[in-house]
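Student: Could we go through this chain together, moving from its overall make-up to individual residues?

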Amino acid sequence: MAACLLAACGGSSPSPAATIPVTSTPYPQATPLVFPMLGVGTANAGITGDAEVVKGSGAFKLTLRLHGLPPNSDHTAHIHLGSCAAMGPIEIPLESLSADATGNATSVTNVPREYRVPDGGWYADVHQRTDAQGGNASPMACGDLKAA
């Protein structure tokens, strides 16, 4: 009888509340910019990889992916002013990289500022050791970041 009353009055079972999809990235609609990372000098010629920038509103995410690093090694990384050909000072510290047993490493850094490459340029580099600044360590890999 209750079912007939609900049907006669236009009633139905309550529908579930609408759900908002949850994304795993803070920049769900941005198209990534991908730049090559290459080994610096003949000793690091086997290092390859990329730097991926995903721009957001007031922030950007930089993912570094490298292959050919020494197995089980740790490395500091930064964005510097300048270019791989004309290296300058550190502008933004990045998350460190830890290579696995095969020499592959990835780091992801969320940078809380707009992605705006200055006139003098930006480049990402990875250093040979994990000292706080990496300033005394030679870069092992480098990639120029371009404006977009």
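Predicted model: local features only at pLDDT ≥ 70, side-chain atom pairs only at ≥ 80, totals over all residues.

Student: In what order do the elements of the chain run from the N terminus on?

Tutor: The chain contains 1 helix and 8 strands. Of the contacts between residues at least 6 apart in sequence, 58% join residues at least 24 apart. Read from the N terminus on, the order of the elements is α-β-β-β-β-β-β-β-β.

Student: What share of the accessible surface of the chain belongs to carbon and sulfur atoms?

Tutor: Buried residues account for 35% of the 148 residues in the chain. The accessible surface comes to about 8,500 Å². The share of that surface belonging to carbon and sulfur atoms is 57%.

Student: How many residues of strand β3 are buried?

Tutor: Strand β3 covers residues 60–67, and it is described as mostly covered. It pairs in the antiparallel sense with strand β2 (residues 48–55) over 8 bridges, and it also runs antiparallel to strand β6 (residues 105–111), to which 7 bridges join it. Among the 8 residues of β3, the number buried is 6.

Student: Which residue in β6 is the bridge partner of F60?

Tutor: F60 belongs to β3 and has K55 standing opposite. The hairpin formed by β2 and β3 has 4 residues between the strands, and G58 in its turn has a positive phi of about 75 degrees. In β6, the bridge partner of F60 is V111.

Student: Which residue in β5 is the bridge partner of A77?

Tutor: Strands β4 and β5 run antiparallel and are joined by 7 bridges. The hairpin that joins these two strands passes through 4 residues. Within β5, the bridge partner of A77 is L94.

Student: Which residue does C84 join in a disulfide?

Tutor: The count comes to 1 disulfide in this model, with an S to S distance of 2.0 Å. The pair links distant parts of the chain, 58 residues apart, with C84 in the loop between β4 (74–82) and β5 (87–98) and its partner in strand β8 (residues 139–145). The residue that C84 joins is C142.

Student: Why is H78 classed as buried, and what is its relative accessible area?

Tutor: H78 is found in strand β4, and its side chain is joined to that of H127 by a polar contact of 3.1 Å. Buried means under 20% relative accessible area. H78 falls in that class because its relative accessible area is 1%.

Student: What is the phi of N72?

Tutor: Most residues other than glycine have a negative phi. N72 lies in the loop between β3 and β4 and, at 59% relative accessibility, counts as exposed. Although N72 is not a glycine, its phi is positive, at about 55 degrees.

Student: How far apart in space are N104 and L66, C-alpha to C-alpha?

Tutor: N104 is found in the loop between β5 and β6 and is partly exposed, with a relative accessible area of 31%. Leaving aside residues up to four places away in sequence, N104 touches L66, H67, G68, S98 and A99. N104 and L66 are 38 residues apart in sequence, yet their C-alpha to C-alpha distance is 5.7 Å.

Terms used
Residues numbered from 1 in each chain as written. Heavy atoms only, no water. Disulfide = S-S within 2.5 Å. Buried < 20%, exposed > 50% of the residue type's maximum accessible area, 1.4 Å probe, protein only. Contact = heavy atoms within 4.5 Å. Areas by Shrake-Rupley, 256 points an atom, 1.4 Å probe, with all protein chains shown as cover. Pairing = 2+ DSSP bridges. Polar contact = N/O pair within 3.5 Å; in protein donor to acceptor, adjacent residues only side chain to side chain.
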